[in-house]
Number of protein chains: 4
Amino acid sequence: MRLSETLHLLRPARPPAPYGAQTLARCYSVEDVARQARRRLPLGSRAYLDGGGEGEYTLRRNRAAFDDLEFLPRQPGDVSSVDTSTTVLGERVPLPFALSPVGGPRMFHHEGELAVARAARRAGIPYGISTLATTSVEDVAAQTDTPLWFQLYIWGDRAQSKDALARAKAAGYRALLVSIDTTVRSKREREKRAGLELPDPDLPVTTLVEGALHPGWAWHFLTSPTISFPNIGPPDQRSLREMPAMFDGTVSWADLDWIRELWDGPILAKGVLRPEEAIEAAERGLDGVVVSNHGGRQLDHVPATIDVLPRIVDAAGDRLEVLIDSGFRRGSDIAAALALGARAVLIGRAHLYGLAAAGEAGVRHCIDILAQELRMTMQLCGARTVADLNPGLIRRRNPA
Amino acid sequence: MRLSETLHLLRPARPPAPYGAQTLARCYSVEDVARQARRRLPLGSRAYLDGGGEGEYTLRRNRAAFDDLEFLPRQPGDVSSVDTSTTVLGERVPLPFALSPVGGPRMFHHEGELAVARAARRAGIPYGISTLATTSVEDVAAQTDTPLWFQLYIWGDRAQSKDALARAKAAGYRALLVSIDTTVRSKREREKRAGLELPDPDLPVTTLVEGALHPGWAWHFLTSPTISFPNIGPPDQRSLREMPAMFDGTVSWADLDWIRELWDGPILAKGVLRPEEAIEAAERGLDGVVVSNHGGRQLDHVPATIDVLPRIVDAAGDRLEVLIDSGFRRGSDIAAALALGARAVLIGRAHLYGLAAAGEAGVRHCIDILAQELRMTMQLCGARTVADLNPGLIRRRNPA
Amino acid sequence: MRLSETLHLLRPARPPAPYGAQTLARCYSVEDVARQARRRLPLGSRAYLDGGGEGEYTLRRNRAAFDDLEFLPRQPGDVSSVDTSTTVLGERVPLPFALSPVGGPRMFHHEGELAVARAARRAGIPYGISTLATTSVEDVAAQTDTPLWFQLYIWGDRAQSKDALARAKAAGYRALLVSIDTTVRSKREREKRAGLELPDPDLPVTTLVEGALHPGWAWHFLTSPTISFPNIGPPDQRSLREMPAMFDGTVSWADLDWIRELWDGPILAKGVLRPEEAIEAAERGLDGVVVSNHGGRQLDHVPATIDVLPRIVDAAGDRLEVLIDSGFRRGSDIAAALALGARAVLIGRAHLYGLAAAGEAGVRHCIDILAQELRMTMQLCGARTVADLNPGLIRRRNPA
Amino acid sequence: MRLSETLHLLRPARPPAPYGAQTLARCYSVEDVARQARRRLPLGSRAYLDGGGEGEYTLRRNRAAFDDLEFLPRQPGDVSSVDTSTTVLGERVPLPFALSPVGGPRMFHHEGELAVARAARRAGIPYGISTLATTSVEDVAAQTDTPLWFQLYIWGDRAQSKDALARAKAAGYRALLVSIDTTVRSKREREKRAGLELPDPDLPVTTLVEGALHPGWAWHFLTSPTISFPNIGPPDQRSLREMPAMFDGTVSWADLDWIRELWDGPILAKGVLRPEEAIEAAERGLDGVVVSNHGGRQLDHVPATIDVLPRIVDAAGDRLEVLIDSGFRRGSDIAAALALGARAVLIGRAHLYGLAAAGEAGVRHCIDILAQELRMTMQLCGARTVADLNPGLIRRRNPA
C-alpha cells in the first residue's frame with residue numbers, strides 16, 4: 001500500500017466543520033490571519049506560503065523597506081467622505097488594489113481560485129489568474145464579473161503560451177501580465193527543506209504525519225480532485241514536477257512583441273526593477289509595468305520594490321501605468337506606494353493567507369482589513385481621494 | 001447571572017491596603033514605575049497604557065529617535081544654582097513640562113484625574129484635561145490652582161464641542177489644545193486583542209480572570225462609580241463604545257477659526273508634524289502648536305516628534321509657542337527637546353504609569369524623577385537655565 | 001545582632017586559597033577576565049563595575065563606536081621589531097596606555113590600589129590615583145616608581161582640594177588630571193537597583209546572601225580594614241554615603257586657573273568632549289586633555305569618545321597632549337585611538353576586571369593582553385612605531 | 001597511559017560507514033553543508049573551521065557586507081545558454097572560482113587535500129595548496145590536471161621558502177599566491193578557548209570526550225598517519241606548535257622582488273586591502289592581487305573585501321588580475337564580486353565545510369551548489385556570460 005493510500009485511512013467519516021470563520025473575527029491584521037493560516041496548513045504548503053528565494057534577503061527586505069518610510073500627514077481637512085476608488089487599465093475600481101495571480105491556490109484551500117474570485121467579486125476588484133493556477137480560466141470567469149487579468153509565463157514551448165492566451169481572451173479576460181522575472185525558476189530552499197513536491201502520488205512520511213496533524217486540510221485535500229494546472233495548454237495537464245523544465249530561459253523582449261500582436265487588450269510587463277525596463281516596455285507598446293520582485297520568491301538580493309518605485313515612475317511618465325507588488329500587508333503600505341506614484345497594488349501572499357485560513361471568507365476578511373486600513377490612513381493623512389496621495393506625504397528616514 | 005455580577009462575588013470584604021507606596025521607593029526611573037503599573041493592571045488597561053496604532057512603528061520610533069541624539073555638554077561652569085523654570089503660554093512655571101491630557105485615567109486608578117491634579121498642584125505644573133476625561137472639568141478645577149488646559153476633540157456634533165468649551169471657560173481653564181490628528185480614530189490592534197471595550201456591562205471571561213489576578217485594581221473598579229465621560233456635553237454621558245462614531249472626519253482648519261472666536265485664551269493646535277501646519281496655525285491667529293504623534297496611538301508610521309521638531313521650530317519663529325509630546329520618559333529627553341527649540345514638553349504615558357502604580361503618590365514620583373533627571377542633565381550640560389539649552393548642545397548621530 | 005555581624009558568622013576559619021591565578025591562564029581577552037570578575041563579586045560591586053549612568057546609552061555606545069571603524073593595514077613591511085613606546089607628559093613609557101584613576105578599588109579586591117600599583121610598576125606604565133581612591137596617595141607611591149598621576153575632584157570645600165594637591169605633590173605625583181565632567185554626580189540606576197551603599201554598617205539582607213555566595217570576596221572584605229577614602233583631606237575620612245554632597249556643582253574654569261597656580265607639574269582637564277573645551281584648556285595654560293565620558297558613568301547620551309576625538313585633536317594642535325578613555329577593551333581599540341591622534345589611552349574598567357578577578361596577577365594579565373593585542377595590531381597594520389599609527393589607517397564605515 | 005592512548009581504546013573494531021553521502025542530498029546550500037560539518041567534527045576542528053581573529057568583527061562583517069548590495073537584474077533576455085567560463089591567469093576555466101589554499105585540511109577529513117584535489121579535477125577548476133597544507137605538493141599534483149597554485153608564507157628562514165618554491169615548480173604548479181597579511185600570526189581566541197593545539201601527543205581530556213562524541217572523525221584520525229606539514233621544507237616537518245615562531249614579521253615588498261626572480265609563472269600578492277598595494281604590486285611586476293582579509297582570520301576589524309574591491313579594481317586597471325576571497329558562501333556572492341570587477345573568487349571555508357561533511361563528495365557538492373547558484377543568478381540577472389556581469393547590475397543600499 002502506498003503512503004498516499006495510508007493517508008486515506010486517516011480520513012474522518014464526516015467533513016470537518018467549515019473552518020476559520022469563528023477565528024477570523026479575532027484577526028485584526030493580515031498578520032493575524034497569516035498566523036491562522038499557518039495553523040491550518042501542513043509543512044509543505046506553509047513553506048510555499050511563507051518562503052522566498054535562496055537566503056530570503058529580499059523576502060525580509062520587502063517588509064523592512066516600509067520602515068524606512070514615514071508619513072507626514074496633512075491635517076486637518078474634512079475627510080468624512082474619503083473616496084478610495086481609482087481607474088486601473090481603463091476601468092473604474094472601488095479600491096486601488098487587485099488580487100495578484102499566484103501559483104497553486106488549491107494547495108492552501110480546496111476551493112482555490114473559485115473562493116478567491118467570489119471574494120474579488122464582492123469587493124469589486126480585479127483578480128489575476130496565473131498560468132500556474134489550479135483552476136481553469138473558464139471556471140474562474142464564471143464566478144465573477146470584476147475585471148480578470150491573465151498572468152502569462154512564456155514557456156519554452158511557445159505554442160502552449162499562444163493557446164493559453166487564446167483561452168483567456170475567449171473567457172473574457174481584460175488584461176495580460178507577462179512575467180519577465182522568471183526566465184528560469186529560482187531556488188526555493190525553504191520549500192526543498194519541507195520536501196514540497198506536489199502533486200506526488202508517493203508521499204513522503206512527513207506528509208503523512210503533517211496530514212494527520214492538520215485533519216481539516218487533509219480531509220479536503222483527499223476528497224477533492226487532484227491538484228492540476230489546467231491553464232497549461234492541452235492536451236496534457238502537466239504536474240508541478242515538470243514545471244522547472246518549462247522555464248527554459250529563452251524569454252526575451254522579442255517575445256513581448258509577439259504577444260503584443262496576439263493580444264489586443266492591455267499588456268503589462270511584470271517583474272520590472274529598473275527604469276530602463278519601463279522605457280523598453282513603453283517603446284514596445286505595452287500599457288504598463290508591475291514593479292515586482294515576485295514577492296521575494298525569484299532572484300534573491302534584489303531591492304524591495306518600494307525602494308525602486310520612484311525612479312521607475314519617473315521613467316514611465318504618462319506612457320505607462322505603474323503597478324506594484326511584493327511585501328504589501330497593510331493598507332498603509334498601499335497608501336505609501338500610491339503616494340510614490342503607483343497606480344495600484346497587487347496583493348498576493350496577503351490574500352493567500354486569507355484563503356488558507358478560511359476560504360472565501362478569509363480572502364474577504366483580508367480585503368476588508370486592507371480597505372479599512374487604507375481608508376483610515378487616507379483620512380489621517382488628510383487625503384480625500386487617491387489623487388491626494390502624493391510624494392509630499394512621504395519622508396524617507398534612511399537613504400534609499 | 002451576568003459575568004460582571006460574578007466579578008462582584010470575588011470582591012474581598014475589605015479594601016486592599018493603599019497600594020504602591022512601598023514599591024515606589026525602589027523605582028528609580030519612569031520605566032521602573034511602568035513595570036509596577038503593568039503588575040497592577042488587568043490586560044485591557046495594560047494594552048491601552050502601553051499600546052499604539054496598528055503595527056506600532058511610531059510607538060517604537062518615539063523611543064528610538066532619542067538614541068539618534070547625543071549631548072555635547074559645555075563644561076565646567078558653576079551649576080550649583082540651576083533654574084528649571086520657564087514661561088509657558090504667558091505663565092511662569094517651575095518646570096518646563098506639563099501633564100498631558102489623556103483619555104480614561106480612571107481605567108488606571110479609581111481616583112483618576114483627581115489624583116493627577118493634586119500631583120500637578122504639588123509640583124506647580126500645568127495639567128491638561130481631555131475631552132475624554134473620566135472626571136468633569138469642574139471637579140478637576142476644584143483640586144488645583146496650577147494652570148489647567150482643556151484638550152478639545154471636535155465632534156461631529158459641533159454643539160457638543162461648543163458646550164464643552166463653555167464649561168471649561170467657566171471652570172477657569174486657561175488654554176485650549178485642539179487636536180488635529182484625530183479626525184477619525186486609529187486602529188488599536190493591541191487593545192482589540194486584549195478585548196478592551198470599556199465600560200461594558202457584559203464583561204468577557206478574560207476580564208473576570210484578569211480581575212481575579214489583580215484584586216487591588218478590581219476592588220476599586222467595582223466599588224467606584226462606573227467610568228463615564230462627563231465632559232462630553234449634556235444631556236447624555238456617552239460610553240466609550242459610541243466614541244468612534246463621534247470622530248466623523250469633518251474637522252478642518254475652518255473649525256479652528258470658529259473656535260478662535262469662541263475662546264479668548266491661548267489656543268494650540270495639537271498633533272502638528274509639518275512646518276506648513278505651524279505656519280497655518282500662526283496665520284489663523286493661534287498661539288502655539290503641540291508637535292505630537294499622539295504618543296504613537298494615531299496614524300502609524302509617522303515620524304518621531306523629536307525628528308521633525310527643528311523644522312517646525314524654524315517655521316514657527318516667534319509667532320507661536322512650540323510644545324511637544326510623544327515618547328518622553330527621561331529628564332534628558334525633555335532637555336533635548338528644549339535644546340532643539342521646544343518651549344515645554346507634555347508628559348502623557350509617563351504620568352499614567354505613576355497613576356496606575358500608586359495613584360497620586362505615583363504621579364508625584366514620576367514628576368520628581370523627571371525633574372531630578374532634567375536638573376542633573378542641565379547641570380552636567382553646563383546649563384544654568386532653560387535658556388542655556390540650545391541646539392549647539394545636540395549632536396545628531398544619524399541623519400534625521 | 002546587626003546583619004554585618006551575622007555575616008561574620010559565615011566567615012570561614014581559614015583564608016580561601018589565593019584566587020584567580022588558575023583561571024587567568026584560560027582568559028584570552030579582557031572580556032574573558034571580566035567574566036571571571038563577575039563570578040567573584042557580590043551584586044553591589046558587580047553593578048558598579050559594569051554599570052553606567054541612567055539608561056546606559058553611552059556605556060553601550062562606547063563599545064559599539066569601535067565597530068564603526070575599520071583598519072586599512074599597510075602591508076607588508078618588516079615589523080619584526082615593533083616599538084610600542086611613546087612619550088606621555090614628557091616621560092618615556094614602554095606602552096601608550098596608562099591605568100586610569102577609578103574610585104573604590106578595594107570594593108573589588110582587598111589589596112586595591114596596592115595591587116594595581118605593583119602591576120603598573122612591572123609594566124612600567126603610569127597609574128592614576130583617584131580622589132576617591134581607597135588607599136592613600138602616600139601608600140600607593142611606596143609601591144611603584146612608574147609615573148603616578150593624581151586625579152582631582154574639586155569639592156565644594158576648596159580647602160579639601162588644596163590639601164589633597166599638597167599631599168600628592170609631597171608624595172611625588174607627576175601630573176594632575178582635573179575632572180570637569182563631575183560637577184554633580186550622575187544617576188547610577190544599576191547601582192541603586194543593586195542596593196549599593198558602601199560602606200554601610202547596617203547591611204541589607206541581599207548583601208548577606210551575596211556574601212555567602214561569594215565567600216572568597218567576603219572573607220577578605222571582613223578581614224580587611226573598613227573601606228575608606230583616605231585622600232579626602234583630614235581630619236575626617238568621609239564615607240561614600242556623604243559623597244554626592246561633596247559634588248556641589250560649583251566647579252568652573254576659574255578653578256582650573258587656581259589649580260594652575262597651586263600645581264607646577266602637568267595638568268590635564270579630564271572629561272573633555274568638545275573642541276572648544278580643548279581650546280579653553282590650552283588658553284588657560286593646561287598641558288593636555290583627557291577625552292572622556294567617564295566610562296559612560298556620568299551624563300548619559302553623550303557621544304563615544306572615539307567619535308569626537310578627531311575634532312578635538314584638530315583643536316588641540318600641538319599645544320596640548322590629547323589622552324582618551326572610555327570603553328577601551330582591546331589593543332586594537334588603543335591602536336585606533338592612537339591612529340586618530342590620541343597620545344595615550346587610559347585603561348579604567350579593563351584593569352578593574354583584572355583586579356577583581358585575581359588581584360595584582362589579574363591586572364598584570366589584562367595589561368599583558370592589551371600590550372600583546374596592540375603589538376600584534378601594529379604589526380599586522382605595518383606600523384613599526386606608535387608614530388606610524390595615523391589617520392590613513394582608519395576607514396569609517398558609518399558617518400560619525 | 002597517556003590520554004592519546006586511551007582514545008585508541010575507544011576505537012571501534014571496524015571503520016564507520018563512509019559518512020556524509022546520505023545527508024548531502026538534503027543539503028541545499030553551503031550553510032546546510034556547514035551544519036553537517038559541525039556535527040561531524042570535534043570541538044577543536046570546529047573552532048578552526050568557523051572561527052576568526054580576536055573578536056571576529058571582520059568574520060561577521062564578511063557576511064553582512066553582502067546584505068548592503070542588491071542586484072538590479074536586466075530582464076528579459078535569452079539566457080538559456082549561459083556560459084560561466086572565464087580566463088584566470090591565462091588559463092580558460094569552466095567556472096569563475098577556484099578552491100582556496102587553506103591550512104590543515106586533514107584536521108577536517110582524513111583524506112584532506114587529496115579529496116579536495118579530486119573534486120577540483122572533476123569540476124575543472126584551479127586549486128591552491130597552502131604552505132601549511134597537510135599533504136605534499138607532489139602528492140596533490142598526482143591527483144589532478146586542473147591548474148594548481150601554490151600559496152607561499154614567507155618564513156623567517158628564507159631558505160625554507162626558496163625550497164618550497166623549487167618543489168612547487170618541479171611539481172608543475174602554475175601560479176604563486178604570496179601572502180602579505182600574515183607577517184605575524186593573529187590571535188585566534190575561539191581556537192584557544194577550544195584548546196586547539198594540534199598535533200599534540202598529550203591530548204587534553206576535552207579531546208578525549210570530543211573524540212568519543214564524534215566516533216567517525218576519531219576513527220579516521222586515529223588510523224591515519226599523524227597530521228604533518230610536508231611543504232615546510234626539509235629536513236624537518238615542523239608541528240603546528242612551532243608555527244607562530246616561523247612568522248617572524250620580516251616580510252616586506254623586497255621579498256616579493258626576490259620571489260619574482262625565483263618564479264617565472266604568475267605571482268599574486270594575497271591579502272591586499274588598499275589600492276596602494278595593488279599599485280605597488282603592479283610596479284614590482286606581479287601579475288595579480290587577491291583582495292583578502294584571510295577569511296576574517298588575521299587582523300580583526302579590517303573591512304569586508306567586497307567593500308574595498310571597487311577601488312582596488314580601479315587602481316589595478318588592466319595591469320593586474322584582481323581575485324578576491326573572504327566570506328563567499330553563495331553563487332550570488334560570486335556574481336556580485338565579478339560584477340564589481342573581480343576576475344575570480346577563491347573559495348576557502350565553503351569547500352572545507354564540504355570536506356568535513358563528506359570528503360570528496362562533500363567538496364563536489366559545495367562546488368555544485370555554488371555553480372548552480374551562480375548560473376541561476378546570471379540567468380535571472382540577464383547575464384549570458386561572465387563579461388555581462390558589470391557594476392551596473394549592483395545597487396549599494398548602504399554607503400560603503
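1. Contacts of A:P105. In this predicted model, A:P105 touches A:G112, A:E113, A:T134 and A:L355, once its neighbours within four places in sequence are set aside. The residue sits in the loop that runs between β4 (97–99) and α6 (112–123) of chain A. A:P105 counts as buried because its relative accessibility is 0%, and the cut-off for buried is under 20%.

2. Chain A as a whole. Chain A has 17 helices and twelve strands. Of its 400 residues, 66% count as buried; A:P105 also counts as buried. Taking contacts in chain A between residues at least 6 apart in sequence, 76% are between residues at least 24 apart.

3. Helix pair in chain B. How are α3 (residues 30–40) and α17 (residues 349–381) of chain B placed relative to each other? Their axes are 10 Å apart and the packing angle is about 175°. The pair is therefore roughly antiparallel, as the angle is over 145 degrees.

4. Residues in the helix contact. On the α3(B) side the contact is made by B:V30, B:V33, B:A34, B:Q36, B:A37, B:R38 and B:R40. From α17(B) come B:A350, B:Y353, B:G354, B:A356, B:A357, B:H365, B:C366, B:I369 and B:L370. Sorted by class, the contact of α3(B) with α17(B) comprises eleven nonpolar, three polar and two charged residues.

5. B:R384 is located in the loop between α17 and β12 (394–396) of chain B. Is B:R384 buried, partly exposed or exposed? Its relative accessibility is 38%, so B:R384 counts as partly exposed; that class lies between the 20% and 50% cut-offs. Leaving out neighbours within four places in sequence, the contacts of B:R384 are B:G77, B:D78, B:V79, B:S81, B:V82, B:D83 and B:M378.

6. Interface of chain A and chain B. Here 32 residues from chain A and 35 residues from chain B take part. About 2,800 Å² is buried between the two chains, 52% of it on carbon and sulfur atoms. Three salt bridges are found across the interface of chain A and chain B. A salt bridge joins the side chains of B:K187 and A:E373, with an N to O distance of 2.4 Å.

7. Interface of chain D and chain C. How many residues of each chain are in contact? The counts are 35 residues of chain D and 32 residues of chain C. Chain D and chain C bury about 2,900 Å² between them, and carbon and sulfur atoms account for 52% of it. Within chain D, the residues losing the most area to chain C are D:R274, D:L299 and D:H301, which together make up 23% of what that side buries.

8. Salt bridges between chain D and chain C. Three salt bridges are found across this interface. D:E189 pairs with C:R330 in a salt bridge, where the closest N and O atoms are 2.4 Å apart.

How values were computed
Residues are numbered from 1 along each chain as its sequence is written. Chains are lettered from A and ligands numbered from 1 in the order in which they are written. This is a predicted model: local features need pLDDT of at least 70, side-chain atom pairs count only at pLDDT 80 or more; totals for chains, interfaces and linings use all residues. Side-chain values use heavy atoms; hydrogens and water are left out. Helices (H or I, at least four residues) and strands (E, at least two) are DSSP runs, numbered from the N terminus. Buried means under 20% relative accessible area, exposed over 50%, partly exposed in between (1.4 Å probe, protein chains only). Contact means heavy atoms within 4.5 Å. Axes are lines fitted to C-alpha atoms, for helices over the stretch in contact, and angles run from 0 to 180 degrees between N-to-C directions. Angles under 35 degrees count as roughly parallel, over 145 as roughly antiparallel, 65 to 115 as roughly perpendicular and the rest as oblique. Ala, Val, Leu, Ile, Met, Phe, Trp, Tyr, Cys and Pro count as nonpolar, Asp, Glu, Lys and Arg as charged, and the others, Gly among them, as polar. Buried area is the accessible area (1.4 Å probe) that two parts lose on being put together, summed over both. A salt bridge is a side-chain nitrogen of Lys or Arg within 4 Å of a carboxyl oxygen of Asp or Glu.
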